[in-house]
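Dear colleague,

Please find below the structure that I promised to pass on to you. I would be grateful if you would look through it before reading my notes.

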Amino acid sequence: MTDAEPSTWPGTLPLWVPVAAALVAGVLLPVVHPPVGARLLAFVLPAMLAVAAEGAVVAGRRPATLGFVAGLVGNLVLVHWISGRAGILAWLLLALVGAGWWALLAELLAAALRRRWSTLLAPLLWVGIDAWRGSWPFSGFGWGTIGVSQAGNGWLVPVARVLGEKGLTLVVVSMSLFAWVAIRDGLRTTGPEALDAGDTDSTRDPDVSTTPALRAATLGTGGLVVVVLAVTMVTVGPPASTGTIDVLAVQGNDLEFPTGPYLDDALVVASQALAATQASITADGPADLVVWPEGTVGIDPARDPAFQDVVERAGAVTDGRLLLGTDREDPDSTNLFRISAVVGPDGTQEQVYRKRTLVPFGEYVPFRSLIDWYPPLQQVPRDVLPGSEAMALRVGDVTVAIGICFESMYPEVLRSNILAGDEPAQVVVVSSADSSFGRSGQPAQHVDQSRLRAIETGRWVVHATTSGVTTLVAPDGSLHGGTDLFTVDTVRGEVGLATGLTPFLRWGDVLAPVTRLLVALAAAALVVANLTNRPRNAA
């Protein structure tokens, strides 16, 4: 919005009001996610950012400024755990990038909410910012979306089967913004000032919608009613189960504070995983699928006979039903691949999935030659190389789609892996090593990512980590079993199989390209408007 444009705000206000709203919006971002997990407050967050954005204009400030403040506060708290893995600088850079997206979001909200027709686009712009944030820069980092915060909201589960995580975000943001519009319009004064500030038609009847009740009942409450009815009418269920398998997920890492050389600690973890696997199979018989998650064998077994021995023994005891998380050396460089492999009875790695979507500064260092001097980057001495192929693995009689660590954050990665073969994968495994993030909210937040992937795909998800939380996720997002952090433990249970497709699996993340384009057009329009209305210096 430019200075020449009228405001829809009901009167004037001091600067502290939008500033306070921005701070509330920022604080709510981590609060709606674990460990607090107050998911119902997600319905308040968008309205608070809208108050900050529109109020900034009335107070003579740029909405981007308060959007940046809100985004910085929220992201610093939400992803504080990244500092332990990648260092303070990487944490600050990640929070700054997130704050930058919120700054653009605030500008777009302020512009969209000033006219009735464009108010309807405001929720789509929010989703579009999330879509861009999850894909750029580098591979993006779409952590902490409003949609993920609703993983446990049973009322919205059917929507995710159709429109995915972004569909949940769209619903929550729509309800929040429409509620704000109803309140805002209801507070506006009566008389000629009550006319839509974006409507400059002087022939409009001033008696239309001049009472607070009527103004609040037009767009705001009307939008709320439409959204609630639409969500209630979506009753898509998960695909029918075609059978079950017995799954054993093994958590082998109890080293919260490792003290020894890396190889010694890594061998302890691998050996403990082997012992826990043997104990479960001895007590309850063979399992159809055994999962050793990412990092259970912390180096390429081919590099060390002790690790290779553990893998061979694990292959024998699981009778070739082991899905192993480890690394594989790249024969053409000094770098490596992060993999999940099916281990045969003789310990050979028969099928291999290479992680495709990598985490910058965590698994590889962009522009390494320029910033390799930064000490925390010594934790990433070599780059992980991306795999190039979507694929599913065959373990016994079951087809399994894999997501390694933060790949669970990208719906299209798991979707493409499920659909990579001649027949859709029947179950999903998210294989992760979260020990670097300690006892923060990250492990529980990561589980919520898997809950959304289970709902979207209609598949059971085996969420297996080396240090916790390890759990089994049903297609409705409910959790079955679970481990504590930094314990040697196992989760075992019957997991359903499915071959049918949810609408999300059939159509994909349709909201992502549409809303990204909408954001690009809206941002371009803002730039043009600001350039057109920029005051010219006198000659």
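Predicted model: local features only at pLDDT ≥ 70, side-chain atom pairs only at ≥ 80, totals over all residues.

Helix 5 (residues 88-112) and helix 7 (residues 122-133) have axes that come within 10 Å and cross at roughly 165°. Angles over 145 degrees count as roughly antiparallel, so helix 5 is roughly antiparallel to helix 7. The crossing of the two helices is right-handed. On the side of helix 5, the contact is made by W101, L104, L105, L108, L109 and A112; helix 7 contributes A122, L125, W126, I129, W132 and R133. Sorted by class, this contact has 11 nonpolar residues, one charged residue and no polar ones.

**The sheet**

In general, strands of a sheet pair through backbone hydrogen bonds, either parallel or antiparallel. Here, six strands form an open sheet in the order 6-7-8-9-10-11, and their pairing is mixed. Strand 6 (392-395) and strand 11 (479-480) are at the edges; each has a single partner strand, so one side of each lacks a neighbour in the sheet. Strand 8 (residues 427-432) and strand 9 (residues 461-465) run parallel and are joined by five bridges. S432 has T465 in strand 9 as its bridge partner.

Two helices pack on this sheet. Helix 15 (residues 411-418) touches strands 6, 7 and 8, and its direction makes about 155° with that of strand 7 (398-404). Helix 16 (residues 442-457) touches strands 8, 9, 10 and 11, and its direction makes about 160° with that of strand 9.

With kind regards

How values were computed. Residues numbered from 1 in each chain as written. Heavy atoms only, no water. Axes fitted to C-alpha atoms, helices over the stretch in contact; angles between N-to-C directions. Helix = DSSP H or I, 4+ residues; strand = E, 2+ residues; numbered from the N terminus. Parallel < 35°, antiparallel > 145°, perpendicular 65-115°, else oblique. Left-handed = near helix turned anticlockwise from the far one by under 90°. Contact = heavy atoms within 4.5 Å. Nonpolar A, V, L, I, M, F, W, Y, C, P; charged D, E, K, R; others polar. Pairing = 2+ DSSP bridges.
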